[in-house]
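Q: I would like to go through this structure with you. Could we begin once it is displayed?

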Amino acid sequence: MRMVAVVLGGGVGQRVGAGMPKQLLTLGGKTLVEHCVAAFEAAPGIDEILVVMARGYTGQVKTMLTDAGYRKVTAVIEGGATRPDSTRAALAAIGATAGTAPGDCGVLLHDAARPLVDQRIIADCVAALRVHDAAGVAVPASDTMVVTDNGVMQSMPRRETLLRCQTPQCFRLPVITRAHELAAADPGFTPTDDCGVVLRYLPEVDVRIVPGSERNIKITYAQDLAVAEVVLAASCGPPA
């Protein structure tokens with residue numbers, strides 16, 4: 001099965017407040033998007049990498065990745081106004097090269113804002129797609145969760161039933177393409193991730209869990225980048 005990793009960096013990351021797309025911020029001397037690309041480049045199960053970037057930055061990122069010698073990167077394309085739009089742009093690009101056997105293509109959709117995804121997670125995602133139609137990376141919720149209404153606690157779901165979603169989120173190409181086609185036709189639904197699209201529009205498709213990692217953090221705010229620097233330094237170990 002052809003495995004395509006999509007690094008989704010089509011947003012501008014306004015909550016970081018850096019004046020540039022957050023995926024171009026540096027962590028340990030490399031941009032966040034390059035960390036993601038490097039992880040998929042090193043993964044034996046990944047055949048191709050497609051990068052989605054915000055408008056005005058595709059040329060810069062393409063040059064950066066080409067100069068760095070990432071051979072699996074097949075294209076850097078422009079994203080859309082929303083995350084679903086960027087995902088659909090990526091799916092259309094992959095579908096255009098899938099030929100007559102789209103079912104033999106697996107897609108791993110990964111946030112460029114998660115630069116510390118590791119090889120174990122990627123390998124587990126690839127293995128899951130060889131057996132299942134859909135899978136998502138998630139970690140257990142360590143805090144007690146509460147359902148509220150108008151600032152008042154209503155109920156507390158059992159913590160053992162709750163997980164926190166990460167990425168990659170992984171699908172056979174026909175499954176995620178069909179789910180997004182249905183979502184695009186529904187003006188009343190604004191998805192925040194791709195597993196949610198499949199859960200809503202293709203409820204007959206089981207979305208399997210791939211265990212994630214606390215290291216696979218998402219850079220949303222400026223302080224998250226500082227945390228990621230500490231995690232990266234710890235994973236690299238002390239200097240020789």
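Q: What is the relative accessible area of Asn150, and is the residue buried or exposed?
A: This is a predicted model. In it, Asn150 has a relative accessible area of 77% and is therefore exposed, since the cut-off for exposed is over 50%.

Q: Where does Asn150 lie?
A: Asn150 is in the loop between strand 8 (147-149) and strand 9 (152-155).

Q: And what is the phi of Asn150?
A: Although Asn150 is not a glycine, its phi is positive, at about 55°. Most residues other than glycine have a negative phi.

Q: Changing topic: which residues does a cis peptide bond join?
A: Thr167 and Pro168 are joined by a cis peptide bond, with omega at about 10°. Most peptide bonds are trans.

Q: Which strand holds Pro168?
A: Pro168 belongs to strand 10, which covers residues 163-172.

Q: Now the cysteines. How many disulfides are there in the whole structure?
A: A search of the whole structure finds zero disulfides. Cys105, for example, is in no disulfide, and the nearest cysteine sulfur, in Cys170, is 12 Å away.

Q: Is Cys105 buried or exposed?
A: Cys105 is buried, with a relative accessible area of 1%.

Conventions. Residues are numbered from 1 along each chain as its sequence is written. This is a predicted model: local features need pLDDT of at least 70, side-chain atom pairs count only at pLDDT 80 or more; totals for chains, interfaces and linings use all residues. Side-chain values use heavy atoms; hydrogens and water are left out. A disulfide is a pair of cysteine sulfur atoms within 2.5 Å. Buried means under 20% relative accessible area, exposed over 50%, partly exposed in between (1.4 Å probe, protein chains only). Helices (H or I, at least four residues) and strands (E, at least two) are DSSP runs, numbered from the N terminus.
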